[in-house]
Amino acid sequence: PAGTFYGLQTLRKAIAPDSTRSFNVAYPAAHIYDKPRFPYRGAHFDTARHFFAPDSVKIFIDMLALHNINTFHWHLTDDQGWRIEIKKYPELTRVGSVRGETLTGHHHTSSEYDKTPHGGYYTQKQIREIVKYAADRYITVIPEIELPGHAVAALTSYPWLGCKGEGYEVRRRWGISKEVFCPGKETTFEFIEKVLTEVLALFPSKLIHIGGDECPKTEWEKCPACQARIKQLGIKADGQHSAEQFLQSYVTARVQKFLNDHGRRIIGWDEVLEGELAEGATVMSWRGTEGGIKASAMGFDVIMTPNTYCYFDYYQSEDQDKEPFGIGGFLPWDKVYSYEPLEGLNDSQQKHILGVQANLWTEYVATPEHLEYMLLPRMNALSEVQWCEPENKDIERFKAAMEAESFKIFDILGYNYRKF
């Protein structure tokens, strides 16, 4: 059925754009032999930093379907907002979904705020509708519930989840916070498991993303409960990793066992490789390709999503003044198109590369129009990386087809996009 759906997308895109207002559409006789290169073809959408209404999420899904992308990685929790209703813990959305104001300007240089509260969350009913909307288009939704870092919205809602136990505020600026979940307390794991129990009831995906990235250990180093946990477990630094890094491995392993016991598997950002990682995890390589190369050599399955080729919050021009304000970086469509996910991997490692994904973080993306502009046409370039064998890629053919056909399709669909 999914193959039939993708074939229909091919037919849909093959209609001459000028004919779409007519009931008379003629196709030349042809045979098309086609199949995807990778089974996992993903795109990530961060709705934690800025909340996007359910209708905008569905438009995002429509764009994935148009490009034969079959996985929607939905980033739902972070320091700046908790966006998923958890009935067991209502404060997560009553308190954790709203920040008092938002930083204006770049987080490295600015201390100005917009003085406007920002909030929003998805009810469980809305999530079920979105998951079904995606499934009807043969797209799997993988939820991401961040842990043990990027947790300030949760700590603000329930301060006992943190090492300090008080003084938290939903984060108003971007960047990394030292305030993280406290793994020294059993109540933290009770919370995580009860949250995930409700998440599993909403998302049938076999993979559940647990984050694992950018988790400072400074609070753990001085937290009596965390140090007692380290002592209880007999954790020792080994010269390469601190005891606190191994403590994060313990968190990952406990959550992994819980999910495995419920018939699911974990996926995490490449920081989950620091310390130890239990068999059966999938690694998402974002800090370049090194994490994916290392993970595949260790026998872990990998999704390649290196920031150097796949971060769609980066600028599309070196002349940043001509682009919407953003986080930095430079990633034009042709660099996306040039990406070869299996480069530098031997045959054994290549078998562990499940696919490729682009990530759109929204610290500086707050409107549907801006979202679409950051995705298109880079999503088109990404889709050929995900679908086509290297010998079938041709950048001149791709560019000509975009200008002659795809941009007209975007116009008909009402999408905002960046022209070449």
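**Salt bridges, parallel strands and cysteines in the predicted model**

The structure holds 23 salt bridges, and this count, like everything below, comes from a predicted model. Two of the salt bridges sit inside helices. In helix α3 (residues 91-94), Glu91 and Arg94 are three residues apart, or about one turn of the helix. Their side chains form a salt bridge, with the closest N and O atoms 2.8 Å apart. Glu91 is partly exposed at 21% relative accessibility, whereas Arg94 is exposed at 59%.

Lys194 and Glu190 meet in a salt bridge at 3.1 Å, N to O. These two residues are four apart in α6, so about one helical turn separates them. Both ends of this pair are partly exposed: Lys194 has a relative accessibility of 31% and Glu190 one of 39%.

The salt bridge between Glu101 and Arg172 is another matter, with its closest N and O atoms 2.3 Å apart. This pair links distant parts of the chain, 71 residues apart: Glu101 belongs to the loop between α3 and β5 (103-104), and Arg172 to the loop between α5 (152-157) and α6 (186-202). Glu101 counts as buried because its relative accessibility, 16%, falls under the 20% cut-off. Arg172, at 25%, counts as partly exposed. Elsewhere, salt bridges join up into a network that links Asp46, Arg49, Asp78 and Glu363.

Turning to the strands, β10 (residues 282-285) has parallel partners on record in both β9 and β11. With strand β9 (residues 265-269), β10 pairs in the parallel sense over three bridges, and here Gly268 stands opposite Val283. With strand β11 (residues 301-304), β10 again pairs in the parallel sense, over four bridges. Val283 has a bridge partner in β11 too, namely Val302. To get from β10 to β11, the chain passes through helix α10 (residues 290-297), making a right-handed β-α-β crossover. The run of parallel pairing carries on from β11 to strand β12 (residues 353-360), over three bridges; in this pairing Ile303 stands opposite Gly355.

What about the two faces of β10? In a regular strand, side chains alternate between the two faces of the sheet. In β10, Thr282 and Met284 lie on one side and Val283 and Ser285 on the other, and all of them are buried, leaving both faces of the strand covered.

As for the cysteines, the count of disulfides comes to zero. Cys388 is in no disulfide either, and its nearest cysteine sulfur, that of Cys310, is 15 Å away. Cys388 too is buried, with a relative accessible area of 15%.

Finally, the surface carries a nonpolar patch made up of Leu8, Leu11, Val25 and Tyr27, which together have about 340 Å² of accessible area. One of these residues, Leu11, lies in helix α1 (residues 2-14).

Notes. Residues are numbered from 1 along each chain as its sequence is written. This is a predicted model: local features need pLDDT of at least 70, side-chain atom pairs count only at pLDDT 80 or more; totals for chains, interfaces and linings use all residues. Side-chain values use heavy atoms; hydrogens and water are left out. Patches are made of residues with over 30% relative accessible area and no salt bridge: like charges are joined within 9 Å, nonpolar side chains (Val, Leu, Ile, Met, Phe, Trp, Tyr) within 5 Å. Accessible areas come from the Shrake-Rupley method with a 1.4 Å probe; for residues, only the protein chains shown count as cover. A salt bridge is a side-chain nitrogen of Lys or Arg within 4 Å of a carboxyl oxygen of Asp or Glu. Buried means under 20% relative accessible area, exposed over 50%, partly exposed in between (1.4 Å probe, protein chains only). Two strands pair if DSSP finds at least two bridges between them. A crossover is right-handed if, with the strands pointing away from the viewer, the path from the first strand over the helix to the second runs clockwise. A disulfide is a pair of cysteine sulfur atoms within 2.5 Å.
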